[in-house]
Amino acid sequence: MAEYPASIFGTEKVNCSFDFKIGACLHGDRCSWLHHKPTFSQTIALLNIYCNPQNASQSADGLRCAVSDEVFIELGEKYGEVEEMNVCDNLGDHLVGNVYFKLPREEDAEKAVIDLNNRWFNGQPIHAELSPVTDFRGACCRQYEMGECTRGGFCNFMHLKPISRELRRELCGQRRKKLSHTGRR
């Protein structure tokens, strides 16, 4: 009887810490560790929505397909103030084109994922999911932030391209206008 537990020891799958920390794994479905999609989170990942201009293979017609401000503004208007928004500037398959939004409430993020998965943007369906990433400092490449990453766009950690100050002001302004119209503050 004691031989049986010893024979299976070490064969159980363990959670992929990289998937939990980054929200994506280089190995995807081929990874030998478990990947869990969260059932609740404040963070939404829009997968492959941003076409990095450095990745010409993503756009066969040669058009630069950047995420428009309207998508960001719509999220802020419909689902609450966007606390954090980041665009992944990576080129590796597991991070390419991912855009992350952190909302104040998990319920709003869940509703946004449901609504967004029934939408199209720039001729492509939107693929939205809840992300386990809530602290982007741990998911980011520190060497990239210091201008020293030697892996370039194929780094396995996030190379984040933050939104502009103008867009952030516009998002906050839209939220303030909405709150003043509804009488809430």
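Lys37 has a relative accessible area of 48%, so this residue counts as partly exposed; buried means under 20% relative accessible area, exposed over 50%, and partly exposed in between, with a 1.4 Å probe and protein chains only. The model is a predicted one, where local features need pLDDT of at least 70 and side-chain atom pairs count only at pLDDT 80 or more, while totals for chains, interfaces and linings use all residues. Residues are numbered from 1 along each chain as its sequence is written, and side-chain values use heavy atoms, with hydrogens and water left out.

Now for the partner of Lys37. The side chain of Lys37 meets that of Glu129 in a salt bridge, 3.2 Å from N to O. Here a salt bridge is a side-chain nitrogen of Lys or Arg within 4 Å of a carboxyl oxygen of Asp or Glu. Glu129 sits in strand 6 (residues 127–131) and Lys37 in the loop between helix 2 (17–22) and strand 1 (43–47), so the pair ties together parts that are 92 residues apart in sequence. Helices (H or I, at least four residues) and strands (E, at least two) are DSSP runs, numbered from the N terminus. Glu129 comes out at 21% relative accessibility, so Glu129 is partly exposed too.

Side chains of opposite charge can pair when their charged atoms come close. The structure has four salt bridges, and the table shows some of them.

| Pair | N to O distance |
|---|---|
| Glu129 and Lys37 | 3.2 Å |
| Lys111 and Asp115 | 2.9 Å |
| Asp135 and Arg137 | 3.0 Å |

Lys111 and Asp115 share helix 4 (residues 106–116), sitting four residues apart, or about one turn of the helix. Lys111 is partly exposed at 46% relative accessibility, and Asp115 is partly exposed at 26%. As for the Asp135 and Arg137 bridge, Asp135 is partly exposed at 37%, whereas Arg137 counts as exposed at 62%.

Then there's His159, found in the loop between helix 6 (142–145) and strand 7 (160–162). Leaving aside residues up to four places away in sequence, His159 touches Val87, Cys88, Asp89, Asn90, Cys141, Tyr144, Cys149 and Gly152, where contact means heavy atoms within 4.5 Å. Take Val87: His159 is 72 residues from Val87 in sequence, yet their C-alpha atoms are 8.3 Å apart in space. As for Gly152, the side chain of His159 reaches its backbone oxygen at 3.4 Å.

Definitions and conventions: A polar contact is a pair of N or O atoms within 3.5 Å; within protein, one must be able to donate a hydrogen and the other to accept it, and residues adjacent in sequence count only if both atoms are side-chain atoms.
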